[in-house]
Amino acid sequence: MSNRILVSRMNAIPSVGDGTSSEFEPDPVDGTAQDFGDVEILTTSAAKVIAINNPGSENLIFTTCELSGTDIGDFSLSGCPASILPGGSAQLSLSCQPLSAGSKSASLDIVTNDPGAGTASYALLCNAIHPEDIFSDDFEL
């Protein structure tokens with residue numbers, strides 16, 4: 001069984017295109033780790049939004065939007081479009097929803113038809129904690 005699930009997300013890659021084809025411009029940039037910090041188990045972190053723009057003159061088509069890795073079940077991603085029209089944009093939303101305590105990681109990989117810079121990869125991270133781990137030893141009721 002493969003540790004892959006179809007999903008979506010983008011990061012900003014400055015376009016070097018000439019505006020005559022599809023252009024992939026995600027924000028934040030390719031390779032930027034998305035760290036959700038400490039997240040209580042069985043809760044959902046605040047969402048991280050990634051904006052993708054297509055300043056080109058042709059449709060930007062997504063051929064791959066997928067999570068991979070051992071902890072993909074602890075991450076959720078929505079909003080990956082099949083394509084973005086010229087001059088259009090899309091927003092993708094990502095969150096961490098850990099099922100058990102410990103460090104969680106996965107990877108997001110995106111491939112588009114942009115002939116110049118059509119791919120992006122991101123490390124996804126969160127530290128899943130038990131609710132009682134939030135309190136210090138000095139905490140008193």
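Buried means under 20% relative accessible area, exposed means over 50%, and partly exposed lies in between, with a 1.4 Å probe and protein chains only. The structure is a predicted model, in which local features need pLDDT of at least 70 and side-chain atom pairs count only at pLDDT 80 or more, while totals for chains, interfaces and linings use all residues. Residues are numbered from 1 along each chain as its sequence is written, and side-chain values use heavy atoms, with hydrogens and water left out.

**Exercise 1. Find which strands pair with β9, and in which sense.**

Step 1. Two strands pair if DSSP finds at least two bridges between them. Strand β9 covers residues 102-112 and is joined to β5 by six bridges, the two strands running antiparallel.

Step 2. Within this pairing, Phe62 has Thr112 of β9 as its bridge partner.

Step 3. The pairing of β9 with β10 is also antiparallel, over 10 bridges, and Gly102 stands opposite Ala128 in β10.

Step 4. These two strands, β9 and β10, form a hairpin that has six residues between them.

**Exercise 2. Work out how many disulfides the whole structure holds, and what each one joins.**

Step 1. A search of the whole structure finds two disulfides, a disulfide being a pair of cysteine sulfur atoms within 2.5 Å.

Step 2. One of them joins Cys65 to Cys80, with 2.2 Å from S to S. This pair links distant parts of the chain, 15 residues apart, since Cys65 lies in strand β5 (residues 60-68) and Cys80 in the loop between β6 and β7 (83-84). The link of Cys65 and Cys80 is right-handed, with 55° about the S-S bond.

Step 3. Cys65 is buried, with a relative accessible area of 5%, whereas Cys80, at 26% relative accessibility, counts as partly exposed.

Step 4. Another disulfide joins Cys96 to Cys126, with 2.1 Å from S to S. It links distant parts of the chain, with Cys96 in strand β8 and Cys126 in strand β10 (residues 119-129), 30 residues apart.

Step 5. Cys96 is buried, its relative accessible area being 0%, and Cys126 counts as buried at 5% relative accessibility.

Step 6. When bonded cysteines are counted along the chain, the disulfides follow the pattern 1-2, 3-4.

**Exercise 3. Locate the aromatic pair and explain why it ties together separate parts of the chain.**

Step 1. The search of the whole structure finds one aromatic pair. Rings of Phe, Tyr and Trp (its six-membered ring) pair if their centres lie within 6.5 Å, and planes under 30 degrees apart count as stacked, over 60 as edge-to-face and the rest as tilted.

Step 2. Phe36 and Phe75 form this pair, which is tilted, with 6.2 Å from centre to centre and 50° between the planes.

Step 3. Phe36 lies in strand β3 (residues 34-40) and Phe75 in strand β6 (residues 75-78), so the pair ties together parts that are 39 residues apart in sequence.

Step 4. Phe36 counts as buried at 12% relative accessibility, and Phe75 counts as buried at 6%.

**Exercise 4. Describe the open sheet, and then the place of Ser89.**

Step 1. Four strands form an open sheet in the order β2-β4-β8-β6, with antiparallel pairing. The edge strands are β2 (25-27) and β6, each of which pairs on one side only.

Step 2. Inside this order, strand β4 (residues 48-53) and strand β8 (residues 89-96) run antiparallel and are joined by six bridges, and Ala51 stands opposite Gln91 in β8.

Step 3. Ser89 is found in strand β8, and at 53% relative accessibility Ser89 counts as exposed.

Step 4. Not counting residues up to four places away in sequence, Ser89 touches Ile52, Asn53 and Ile84.

Terms used: Contact = heavy atoms within 4.5 Å.
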